[in-house]
Amino acid sequence: MTRGSERLLIVGIILILLSGAALTFWTARNEDSRLREDLLSKCRLVKEGFSADEVAGLTGTEADLSSPGYLAVKAELMRIRFADPPIRFLYFMGQRPDGTIVFLADSENPESNDYSPPGQDYPEASDALRDVFATNQEITEGPAPDRWGTWVSGLIPVTDPGTGRVAAVFGMDIDARNWNIRIFLAWLPVIIATLILL
């Protein structure tokens with residue numbers, strides 16, 4: 001092989017590697033965006049199954065434990081969680097006048113170690129979650145850690161029909177490991193194609 005051929009081969013390998021890396025990055029970003037939109041779509045659909053008046057009536061106190069409204073919301077969250085295993089947690093959160101974020105209702109069985117009773121503080125609340133209460137805008141966030149694990153979350157505001165203010169935020173958590181696996185499977189063909197070209 002001549003020196004010129006060697007240079008062409010090296011240039012070709014570099015071009016293949018750079019193209020493969022760029023396409024991998026683009027594929028990963030595209031898949032992440034698609035998954036986030038899918039998560040928000042699922043959040044919107046699930047949230048519509050709850051009465052805004054009922055959610056706005058949750059107080060985030062122990063009194064809710066005997067409230068028919070809370071019991072109905074709790075039972076529906078548990079039913080949806082059971083019916084859709086990729087969803088790890090479903091919940092409604094509220095914000096106290098002092099800014100503290102608390103759980104109003106979650107999808108866990110009360111016997112579970114992961115259960116959050118009404119009124120339980122959520123000190124891990126991110127600025128993004130607080131912004132949903134302030135701006136009335138839905139978002140996805142994560143992967144982000146808390147005491148239960150690392151999650152990608154869809155967060156949707158629930159507006160009080162009477163006052164127009166954000167009465168609660170509906171959240172849906174997906175395990176970040178499953179999320180990353182789905183992104184990996186999306187760009188795996190690009191990696192394989194790059195290796196074949198090399």
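I looked up the pairing first: strand 1 and strand 2 run antiparallel and share 5 bridges. Two strands count as paired if DSSP finds at least two bridges between them. Helices (H or I, at least four residues) and strands (E, at least two) are DSSP runs, numbered from the N terminus.

This is a predicted model: local features need pLDDT of at least 70, side-chain atom pairs count only at pLDDT 80 or more, and totals for chains, interfaces and linings use all residues. Residues are numbered from 1 along each chain as its sequence is written, and side-chain values use heavy atoms, leaving out hydrogens and water.

I checked confidence. pLDDT is the predictor's confidence in each residue, from 0 to 100. The chain averages 84, and 81% of the residues score at least 70. Strand 2 (residues 101-106) has the highest mean, 95, and helix 5 (residues 176-197) the lowest, 70. I note that where pLDDT is low, the predicted coordinates should not be read in detail.

I went back to the hairpin. It leaves 5 residues between strand 1 and strand 2, and glycine 99 in the turn has a positive phi of about 95°. Phenylalanine 92 has alanine 105 in strand 2 as its bridge partner.

Next came helix 4 (residues 127-135). I found Leu129, Val132 and Phe133 buried. Asparagine 136 follows helix 4, with a positive phi near 60°.

Note on methods: Buried means under 20% relative accessible area, exposed over 50%, partly exposed in between (1.4 Å probe, protein chains only).
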